Amino acid sequence: MSSSPSADLLASASSALAVLLVLLACVELGDAAAAVGVYRLIQYDLAGAPLGSRAASLNHHAAALPLPAGADLSRSALVAPLLDLPLAFLREYLAEKKHLGGLLILLPKKLNDEDASANSEGKGQVKSSLAELEKLLLHEEVPYPVYFAFQDDHFDNLLSDIRKIASSGQPASATTGGYKLVVSTPEPRKVPSPTISNIQGWLPGLKGEGDTEQLPTIAIVANYDTFGAAPALSVGSDSNGSGAVALLEIARLFSRLYSSPKTRGKYNLLFGLTSGGPYNYNGTNKWLRGFDQRVRETIDYAICLNSVGSWDNELWMHVSKPPENPYIKQIFEDFSDVSKEMGVSVGIKHKKINVSNPRVAWEHEQFSRFRVTALTLSELSSPPEFLESTGGLYDNRESAGAESVIRTVRLVSESLARHIYGLKGRNIDVFAENSSLAINPHYIQSWLDLLSQTPRVAPFLQKNDPFIAALKKELSEHTADVHVQSDVLDGMFTFYDATKATLNVYQVASVTFDLLFLLVIGSYLIILFSFLVITTRGLDDLINIFRRPPSRKVKGA
């Protein structure tokens, strides 16, 4: 029995409809997936002790706070906004070694600037929460993957959906459906021979005729690298981007003074941008060891700049030698004279160094170990704890102000100029505003912006990194004999890669939905098949398909 053209057309349309339904289902499932960049908690070893996150791959259903009583998170990835995450909860899981599938911490978006008071209060809360969180995570072994991401509308919707699912009283699973978080990344590997790079430049002083003596040297130093819970977010705008930017501007100002023999001072100026600051100023130690002893002996004193981007009225001068020391007393008086004219104050803090203790709290202490007079200028009145205040998550562009850096540059530059040119007590502004030697706010602003966009954790900065090349180029614009010294970070630290990843968020249907979907598709296909058989071959043929064929009896021989 031949089929009619209308039947063939109907069959084709029905087949196309079936294919379209399957495609629509696939498109719907594809739209349910989203990808977002996330930042992994640092993984490192300190003297052989494993610290930070020890896992990277993630493939678990998402959960959110508040959790139902007795919730089992061993197969769940907890998604929590920073301010909603109780530190007591984390401490309990770490101390009792409870199993957690993974943790995604959502960092807040920029605070609303419209309400200044609320903004200030909110910033303080975020800063303290981040500081406590980093302190906890950096000094503990975390056996599960921990990632950071920035909270946005997509994550808000995700949290809302997760909480709706949880309100049903059943945790997200293959049975109930929900959302699945997947990070596919290889096992983290050790960073082989992490390098630290120090950059130095000279402004040679002017020797008198027949003078064979080596000129004295004043060193201006700042470390530029950072350390934080998430290496890919550790930009350290204040600590110590502000110190590095201040150094570059001081170098620019004195390069103009030293460009003419008439205004060149009888001091060599040495500028050093050092690495390894968070690791007991390991780079500074290697830098000083690289100098010939005779060069070190020409250094009258060194000024180290650390965290100078968020002070208003008070700066601190940290020293290892007693304040009564003639050099220290003279330097402090120079700073005090200029600070009074600026309407700010400079305090002095004396802390003896213990040569047998490898812990180095301030950069100037490395100079002191080589018997070189040195000091650190900082807005911090006391030294930070080990691996803290070194450019963590909160230390972003909003943490460092150009005005604070400008004040630091003015204080240091004017004090140095009065010392070099013998202008003490004469109340002369060498770097007066609106003069050819004026401080350039735009220059400071631009470099603060650049450093605030550049993560600078030393083990992940190769010696040929474009950022190091940019620092070298900039210092070359203002100084001579610019040199980059690269060395291996001391062996008590071991770092691991995989600092960034892509998080895929999938909306997972429940098994009940899958069964229902299969039942509907199966029913449709059976009905479609039956319809096509009836229209093309007749009802009898359809019945014969399902009719049991008659059995054949085999006659015996």
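This is a predicted model: local features need pLDDT of at least 70, side-chain atom pairs count only at pLDDT 80 or more; totals for chains, interfaces and linings use all residues.
**View 1. The largest cavity holds about 170 Å³ of space.** Here a cavity is a set of points on a 1 Å grid over the protein atoms alone where a 1.4 Å probe fits but cannot get out, and lining residues have an atom within 4 Å of a point. The volume is the space filled by probe spheres set on the points, which are joined across faces, edges and corners. Of the 20 lining residues, Gly277, Pro278, Tyr281, Pro384 and Thr390 come closest to the centre. The lining splits into 8 nonpolar, 8 polar and 4 charged residues (Ala, Val, Leu, Ile, Met, Phe, Trp, Tyr, Cys and Pro count as nonpolar, Asp, Glu, Lys and Arg as charged, and the others, Gly among them, as polar).

**View 2. Helix α5 (residues 237–257) packs with helix α12 (residues 466–478).** Their axes, lines fitted to C-alpha atoms over the stretch in contact, sit 8 Å apart at an angle of about 25 degrees. That makes the two helices roughly parallel (angles under 35 degrees, on a scale from 0 to 180 degrees between N-to-C directions). Helices are DSSP runs (H or I) of at least four residues, and strands (E) of at least two, numbered from the N terminus. From α5, Leu247, Leu248, Ala251, Arg252 and Ser255 meet Leu471, Glu474, Leu475 and His478 of α12, with contact meaning heavy atoms within 4.5 Å.

**View 3. Tyr44 and Phe495 form a stacked pair.** The ring centres are 6.2 Å apart and the planes are at 20 degrees (rings pair if their centres lie within 6.5 Å, and planes under 30 degrees apart count as stacked). Tyr44 belongs to strand β2 and Phe495 to strand β18, so the pair ties together parts 451 residues apart in sequence.

**View 4. Two cis peptide bonds, Leu65 to Pro66 and Ser239 to Asn240.** Omega is near -5 degrees for the bond to Pro66, which sits in the loop between β4 and β5. For the bond to Asn240, omega is near 0 degrees, and Asn240 is in helix α5.

Key:
Residues are numbered from 1 along each chain as its sequence is written. Side-chain values use heavy atoms; hydrogens and water are left out. Angles under 35 degrees count as roughly parallel, over 145 as roughly antiparallel, 65 to 115 as roughly perpendicular and the rest as oblique. On a 1 Å grid over the protein atoms alone, a cavity is a set of points where a 1.4 Å probe fits but cannot get out, and a pocket is an open set with protein on both sides within 12 Å along at least five of seven lines; lining residues have an atom within 4 Å of a point. Rings of Phe, Tyr and Trp (its six-membered ring) pair if their centres lie within 6.5 Å; planes under 30 degrees apart count as stacked, over 60 as edge-to-face and the rest as tilted.
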